[in-house]
Each structure stands twice: as structure tokens, then as C-alpha cells.
Amino acid sequence: MAAPEVRNDTDKQQYSLVEDGEVIGFAAYEVDGDEIRFVHTEVDPAHRGGGHASILVEHALDDVRDGSLRVVPQCSYVAAWIERHPDYQELTTR
């Protein structure tokens, strides 16, 4: 089994978590001006509990960090993840 890969699917406005060619999770977002709003995160029930959502959110936020957008964590999972990882909190105040 290959390690999961995170892809930014801009057409669908979501970061997709792909394992063995199959999308097993996603973090949906909306871009509005200088903000990226994460609105929903979901992992397939068969893959929950293995840290997949955390991998997905970390990679998505790392990708956002490379740009200039401010993160607005409307999704409760993304908000809680940022709260637990202080080194990502600056993304919400740019």
C-alpha cells in the first residue's frame, strides 16, 4: 500500500487525499479575495482513525502557506487542528 498523496483539485475546490489511486478523503474550500475558507473535511469511514484527516489538513495548509491567502477555518476539524498546532495559527491572521 502506497503512502497517501494530497492533491489540490482546483476544479472541485478541494484538497483530495489519494491512496492507491482512490480518493479517500477531501478538504473542501472556497477562495474569496485574499481568503481561503475551509468549509468541510471528510475521510471515508473505512479509513478513519488512522490519522488521514490530519495528513490531509497538514498538507493543505502547507500548500496555502506557500502563497499569500489567509486561512478561515469554517470547518470544525480544520479549526481544531490549527488550535492544536500553534505553528499554523499565523495562517489565520495574514
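Start by selecting F38 and P73: F38 stands opposite P73 in β5. Strands here are DSSP runs of E with at least two residues, helices are runs of H or I with at least four, and both are numbered from the N terminus. Before moving on, note that this is a predicted model, in which local features need pLDDT of at least 70 and side-chain atom pairs count only at pLDDT 80 or more, while totals for chains, interfaces and linings use all residues. Residues are numbered from 1 along each chain as its sequence is written, and side-chain values use heavy atoms, with hydrogens and water left out.

**Stop 1: the sheet**

Show the cartoon and colour the strands. There are 5 of them, forming an open sheet in the order β1-β2-β3-β4-β5 with mixed pairing; two strands pair if DSSP finds at least two bridges between them. β1 (5–9) and β5 stand at the edges with a single partner strand each, so one side of each has no neighbour in the sheet. On average, neighbouring strands are turned by 30° against each other, direction ignored. Axes for such angles are lines fitted to C-alpha atoms, for helices over the stretch in contact, and angles run from 0 to 180 degrees between N-to-C directions.

**Stop 2: along the hairpins**

Begin with β1 and β2, which run antiparallel and are joined by 5 bridges. Select N8 to find its bridge partner in β2, Y15. This hairpin has 4 residues between its strands, and Q13 in the turn has a positive phi of about 55°.

Next, β2 and β3 pair in the antiparallel sense over 6 bridges. Here E19 stands opposite E22 in β3. The hairpin has 2 residues between the strands, and D20 takes a positive phi near 50°.

Then move to β3 and β4, antiparallel over 8 bridges. Select A27 and you will find it opposite T41 in β4. The turn of this hairpin, with 2 residues between the strands, contains G33 with a positive phi of about 65°.

Stay on β2 for a moment: are its residues buried or exposed? 6 of its 6 residues are buried, meaning under 20% relative accessible area, where exposed means over 50% and partly exposed lies in between (1.4 Å probe, protein chains only). Q14, S16 and V18 point one way from the strand, and Y15, L17 and E19 the other way. In a regular strand the side chains alternate between the two faces of the sheet.

**Stop 3**

Now select R37, which lies in strand β4. β4 and β5 pair in the parallel sense over 4 bridges, and R37 stands opposite V72 in β5. Show side chains here: that of R37 makes a polar contact with the side chain of E35 at 2.9 Å. A polar contact is a pair of N or O atoms within 3.5 Å; within protein, one must be able to donate a hydrogen and the other to accept it, and residues adjacent in sequence count only if both atoms are side-chain atoms. Not counting residues up to four places away in sequence, R37 touches A28, Y29, E30, D32, V72 and Q74, with contact meaning heavy atoms within 4.5 Å.

**Stop 4: the helices**

Select α1 and see how it lies across β1, β2, β3, β4 and β5, running at about 130° to β2. Then select α2, which packs on the sheet, touches β4 and β5, and makes about 120° with the direction of β5.

Which residues of α2 are buried? They are V78, W81 and I82. Looking down the axis of α2, these fall within an arc of 95° and so line one face of the helix; the arc is that of the directions from the helix axis to the C-beta atoms. β4, α1 and β5 (70–73) are among what covers them. On the other side of α2, S76 and E83 are exposed.

**Stop 5: the core**

Select Y15, F38, L61 and V71, the residues with the most contacts inside the largest nonpolar core, which has 19 residues. Such a core is a set of buried Ala, Val, Leu, Ile, Met, Phe, Trp, Tyr and Cys residues joined through side-chain atoms within 4.5 Å. β2 (14–19), β3 (22–32), β4 (35–43), α1 (52–65) and α2 (76–84) each give two or more residues to this core, and the largest share, 5 residues, comes from α1. Centre on L61: leaving out residues up to four places away in sequence, L61 touches F38, V71, W81, I82, Y88 and L91.

**Last stop: a loop**

Finish with A46, in the loop between β4 and α1. A46 has 67% relative accessibility and therefore counts as exposed. Draw a C-alpha to C-alpha distance from A46 to E5: they are 41 residues apart in sequence and 17 Å apart in space.
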